[in-house]
Amino acid sequence: MSKLHELMPRERTIRPVEGSTRRALGTTGLVANVLGLGAGPLGDPRHDERAMTRLIHEAIELGVELFDTAPSYGLSEERLGRALVGRRERVIVSTKVGYGVPGEADWTGRCIERGIDLARERLRVDVLDVVHLHSCDAHTLLRSDVRDALLAARAAGKVGHLGYSGDGEPLAEARRWGELSVLQTSFNLVDQRARDEVDDRAWLGKRTLMNAAFARDEPLSPDVAEYRRRWREADWPDEVRRDPARASLRFAAFGGPDVVLVGTARVENLRAAVAAIEEGPLPEDLHVALVELAARHTWPGMI
Ligand SMILES: NC(=O)c1ccc[n+]([C@@H]2O[C@H](COP(=O)([O-])OP(=O)(O)OC[C@H]3O[C@@H](n4cnc5c(N)ncnc54)[C@H](OP(=O)(O)O)[C@@H]3O)[C@@H](O)[C@H]2O)c1
């Protein structure tokens, strides 16, 4: 058994579709390309509407099959809904719920019930492929009204699969609830804790490019600033330092998650992501060195 294989999450297996960059998503029965589009950036209202439609269409042409969105990503759900008319059969859309429903308290059953209907309207679908609870705390995950609302939506055929998106203690709580079939966690060179915190369910890796913290000098939100601190603190191999985006992608795409989400509003960065993944895994000794480097730093997971 190779060293790399030993470093894979103990409780899970990646199930590639032979001869392709597609994979079965855990035990959901869904299959998707390893590269998914994180549709956060494309929801920014400052981006041109037609350019974002072109980005979505180009992503499909490049083989992307999973789009991850949320109500808090600006115009993301509406834009995806419009751009995917007539193309729905070719893609999986995952979204999130738990907050932001007018007249309903966040993280309640009513908010989730109505949030699912609002997402169906914005995304222009009858069935949402995947709905995550969006990074709520562990207590919320245990609320019976929250659980009942999710289960009722799935039983009514409004949702295909239920998931949790987040990290740390709430992720551990999410794992204890067997009705969730999708886990979305951070996973990148400076945030590898989820490797030991997921199981055999579908795993979507978020923040794959560590929010491009390696390329940013401006003031940042605390989480991304922490990524930048980690990036600057560590002694990276030259190959990683030369092209951190490429190395991050190859590392994450072959390091655990079924799908790695890349957030971008730029077609050229999407093409770069496709090209990086087509290169395949990093050399095994480099991959192992990067796992060991993160282990030495004992960096905690970030939501
Ligand atoms: N709690 C949650 O549920 C949660 C939290 C975070 C993320 N997510 C999901 O995961 C997705 C991905 O995470 P993310 O968007 O936060 O972070 P990310 O994918 O790690 O990084 C996105 C950043 O990387 C830049 N970028 C993309 N390609 C690049 C390249 N080749 N070279 C240099 N920079 C590049 C993008 O800028 P450009 O737009 O200029 O390309 C953007 O600023 C999100 O969109 C979302 O779907 C979920």
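I looked up Val159 and found it in strand β8 (residues 159–165), where strands are DSSP runs of E with at least two residues, numbered from the N terminus. Val159 is buried, its relative accessible area being 3%, and buried here means under 20% with a 1.4 Å probe and protein chains only. I then compared positions: Val159 and Val198 are 39 residues apart in sequence and 22 Å apart in space, C-alpha to C-alpha.

I noted that this is a predicted model, in which local features need pLDDT of at least 70 and side-chain atom pairs count only at pLDDT 80 or more, while totals for chains, interfaces and linings use all residues. Residues are numbered from 1 along each chain as its sequence is written, and side-chain values use heavy atoms, with hydrogens and water left out.

Next I turned to the ligand, which 26 residues surround, the closest being Asp68, Ser135, Ser165, Thr264 and Asn269; a residue counts as near if one of its heavy atoms lies within 4 Å. By class, this shell holds ten nonpolar, eleven polar and five charged residues, with Gly counted as polar. Strand β11 (residues 259–263) gives the most to the shell, namely three residues.

Which atoms lie 2.5 Å apart at Thr264? They are an oxygen atom of the ligand and an N or O atom in the side chain of Thr264. For Asp68, I found a ligand oxygen 2.6 Å from an N or O atom of the side chain, and for Gly263, a ligand oxygen 2.8 Å from a polar backbone atom. The protein covers 82% of the 890 Å² of accessible area that the ligand has on its own, by the Shrake-Rupley method with a 1.4 Å probe.

Technical notes: A polar contact is a pair of N or O atoms within 3.5 Å; within protein, one must be able to donate a hydrogen and the other to accept it, and residues adjacent in sequence count only if both atoms are side-chain atoms. Helices (H or I, at least four residues) and strands (E, at least two) are DSSP runs, numbered from the N terminus. Buried means under 20% relative accessible area, exposed over 50%, partly exposed in between (1.4 Å probe, protein chains only).
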